[in-house]
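Could you walk me through this structure, one part at a time? I am new to it and would like to know what to look for.

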Amino acid sequence: NDFDPAKGNKDEKRIDGWAVEGALNGYKKYTSSFNKGTFNLSQALSGLPEGTYKVTVHTFYRAGSYEEEEANINAGTDTHLCKLYANTASDSYEKSVVNLSEGAQGITIPEGVNTKTINGITVPDGTDASVACFNAGYYLNELPFYVGADGKATIGLYLKETIGTNDYTVVGPWHLYYYGSGNNVEQI
């Protein structure tokens, strides 16, 4: 789902095809964003062939404001509270989403976008900068999972607690890949 601007409304907390709970505060530039609160963004899938899948999404979690993420990291606080997940009839899968600064380590931020610095690492600042990074292939999070014979799964992102005054997540493109029958999750 590409978060088509015609298929959502942040004021109504609505994204067609998705269940949205919580702090949706932005819906633009083919992204959704969540700010200053907990959230759950999910999509129920059905009619899937049994087998192994991988869901990917370009996203990051900022653990508070820029200064708070830096302080949290330096204090040894867990800054991986946002989770990518897939739930099926038989299993629940989840993986922590990359935080803003670790996702920017070793990358070249596209020119002409707004940036900030966290622990000496240049990071994107705002939706336009995030979109430029997503378009460059950065902040890709991946999760393999297995779908049983019922052909149903729910994929999504959640943040169940906040640790700063301005926790922030920008969510970009999602993709779902099918790897064939059999449970090959461990090999992906």
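K116 in β8 has V123 of β9 as its bridge partner. These two strands, β8 (115-118) and β9 (121-124), pair in the antiparallel sense over 4 bridges; two strands count as paired if DSSP finds at least two bridges between them. Strands here are DSSP runs of E with at least two residues, helices are runs of H or I with at least four, and both are numbered from the N terminus. The hairpin of β8 and β9 has 2 residues between the strands, and N119 takes a positive phi near 50 degrees there.

A word on the background: this is a predicted model, in which local features need pLDDT of at least 70 and side-chain atom pairs count only at pLDDT 80 or more, while totals for chains, interfaces and linings use all residues. Residues are numbered from 1 along each chain as its sequence is written, and side-chain values use heavy atoms, with hydrogens and water left out.

Next, let us turn to β5 (51-62). This strand is mostly covered, with 12 of its 12 residues buried. Buried means under 20% relative accessible area, exposed means over 50%, and partly exposed lies in between (1.4 Å probe, protein chains only). β5 pairs in the antiparallel sense with β10 (residues 140-147) over 8 bridges, and there G51 has V147 as its bridge partner. β5 also pairs with β12, again in the antiparallel sense, over 9 bridges. In that pairing, K54 stands opposite Y177.

Y177 leads us to the surface. Together with Y179 and I188, Y177 forms a nonpolar patch with about 280 Å² of accessible area. Such patches are made of residues with over 30% relative accessible area and no salt bridge, where nonpolar side chains (Val, Leu, Ile, Met, Phe, Trp, Tyr) are joined within 5 Å and like charges within 9 Å. I188 sits in the segment after β12 (168-178), and is partly exposed, with a relative accessible area of 38%.

Now for the helices. Which residues of helix α1 (residues 66-74) are buried? They are Y66, E69 and N72. They lie on the same side of α1 because they cover an arc of only 125 degrees around the axis, the arc being that of the directions from the helix axis to the C-beta atoms. As a general rule, an α-helix has 3.6 residues a turn, so residues three or four places apart point the same way. On the other side of α1, E67 and N74 are exposed. The buried residues of α1 pack against β5, α2 (100-103), β8 and β9, where contact means heavy atoms within 4.5 Å. After α1 comes G76, with a positive phi near 80 degrees.

In helix α3 (residues 127-135), the buried residues are T127, A129, S130, V131, C133 and F134. Their cover includes β3 (19-28), β4 (31-45), β5, β9 and β12. G137 follows α3 and has a positive phi, near 95 degrees.

S33 is found in strand β4 and counts as buried at 4% relative accessibility. Leaving aside neighbours within four places in sequence, S33 is in contact with A23, L24, N25, G26, Y168, T169 and V170. G164 is in the loop between β11 (153-159) and β12. Not counting residues up to four places away in sequence, G164 touches G64 and E68.

Conventions
Accessible areas come from the Shrake-Rupley method with a 1.4 Å probe; for residues, only the protein chains shown count as cover. A salt bridge is a side-chain nitrogen of Lys or Arg within 4 Å of a carboxyl oxygen of Asp or Glu.
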